[in-house]
Amino acid sequence: MEHAERLLTAAGELFYRRGIRAVGMDDVRAASGVSLKRLYQCFPSKEALVVAYLERRDERWMGSLTSYVREHDDQVGAVFGWLERWFAEEDFRGCGFVNAYGELGATSEAVAEVVRAHKRRLRDYLRGLVTDDLLAEQLLVLVDGATVTAMVDPERGAAAARAAAVAARALTAARRA
């Protein structure tokens, strides 16, 4: 188990920072300090390693988001507050799931499915916060749009603040309806 953890940590950092296609299995081996033989014993293919990386990223990303939101009274607003903190991180490179899908989604059904599962999980979480399917869909679009905008906008935090303002309007409109 220790080897798999070291491999996933190294792969996660490399894949997110440099991109999946740019990172070879030997790069992961070197960064993890695990032998190539052990790497392939743990993950028989690069696709298996990518899927495991994404599944681990989903658990950590959703865990961080949900624990942050749980601490706030305005839970929808807290989603965007959490995004603002994430966007401010020095190593922020956008959505690891969208990035992975862009690189491999057309050629790897396994990668595409784990990305879809993450987006379904996020949508279901948002639906639990607002109990309205359409509003949850709108919030998901705002989260994803803010994340993509923050990837390219030098003022990353502004993307989260603008999305939060739109979300507040959507919530107000939904309560009136």
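Is Val 114 buried or exposed? With a relative accessibility of 12%, Val 114 counts as buried; here buried means under 20% relative accessible area, exposed means over 50%, and partly exposed lies in between (1.4 Å probe, protein chains only). The model is predicted: local features need pLDDT of at least 70, side-chain atom pairs count only at pLDDT 80 or more, and totals for chains, interfaces and linings use all residues. Residues are numbered from 1 along each chain as its sequence is written, and side-chain values use heavy atoms, with hydrogens and water left out.

Val 114 is placed in helix α7. Helices are DSSP runs (H or I, at least four residues), numbered from the N terminus. Apart from its neighbours within four places in sequence, Val 114 is in contact with Val 51, Leu 54 and Glu 55, where contact means heavy atoms within 4.5 Å. Val 114 and Val 51 are 63 residues apart along the chain, and their C-alpha atoms are separated by 6.8 Å.

Arg 56 belongs to helix α4. Its relative accessible area is 15%, so Arg 56 is buried. The side chain of Arg 56 makes a polar contact with the side chain of Glu 5, at 3.0 Å. A polar contact is a pair of N or O atoms within 3.5 Å; within protein, one must be able to donate a hydrogen and the other to accept it, and residues adjacent in sequence count only if both atoms are side-chain atoms. Leaving aside neighbours within four places in sequence, Arg 56 is in contact with Glu 5, Leu 8 and Thr 9.

Helix α5 has 13 residues, which at 1.5 Å a residue should span 18 Å; the end C-alpha atoms are 18 Å apart, which agrees. The expected span is 1.5 Å times one less than the number of residues. Among the buried residues of α5 are Val 76, Phe 80, Trp 82, Trp 86 and Phe 87. What covers the buried residues of α5 includes α1 (2-18), α4, α7, α8 and α9 (156-176).

A pair of aromatic rings is described by the distance of the centres and the angle of the planes. Rings of Phe, Tyr and Trp (its six-membered ring) pair if their centres lie within 6.5 Å; planes under 30 degrees apart count as stacked, over 60 as edge-to-face and the rest as tilted. A search of the whole structure finds seven aromatic pairs. One of them joins Trp 61 and Trp 82 in an edge-to-face arrangement, 4.9 Å centre to centre with 85° between the planes. This pair links distant parts of the chain: Trp 61 is in helix α4 (residues 46-70) and Trp 82 in helix α5 (residues 75-87), 21 residues apart. Both Trp 61 and Trp 82 are buried.

The ring centres of Phe 87 and Phe 92 are 5.1 Å apart and the planes are at 55°, so this pair is tilted. Phe 87 counts as buried at 1% relative accessibility, and Phe 92 counts as buried at 4%. Trp 61, Trp 82, Trp 86, Phe 87 and Phe 92 form one aromatic cluster.

In another part of the model, Arg 57 lies over the face of Tyr 16, at 4.0 Å from the ring centre. A charge sits over a ring if NZ of Lys or CZ of Arg is within 6 Å of the ring centre and within 35 degrees of the ring normal.

**Salt bridges**

A salt bridge is a side-chain nitrogen of Lys or Arg within 4 Å of a carboxyl oxygen of Asp or Glu. By this rule the count comes to 15 salt bridges. The table gives some of them.

| Salt bridge | N to O distance |
|---|---|
| Arg 29 and Asp 26 | 2.8 Å |
| Arg 120 and Glu 113 | 2.6 Å |
| Glu 137 and Arg 123 | 2.6 Å |

Glu 137 lies in helix α8 (residues 133-152) and Arg 123 in helix α7 (residues 109-130), so the pair ties together parts that are 14 residues apart in sequence. Salt bridges that share partners join Arg 123, Asp 124, Arg 127, Asp 133 and Glu 137 into one network. Glu 137 is partly exposed, with a relative accessible area of 31%.

Arg 29 and Asp 26 both lie in helix α2 (residues 25-32), three residues apart, about one turn of the helix. Arg 29 is partly exposed at 27% relative accessible area, and Asp 26 is partly exposed at 45%. Arg 120 is also partly exposed, with 36%, and Glu 113 counts as partly exposed at 32%.

Notes
Helices (H or I, at least four residues) and strands (E, at least two) are DSSP runs, numbered from the N terminus.
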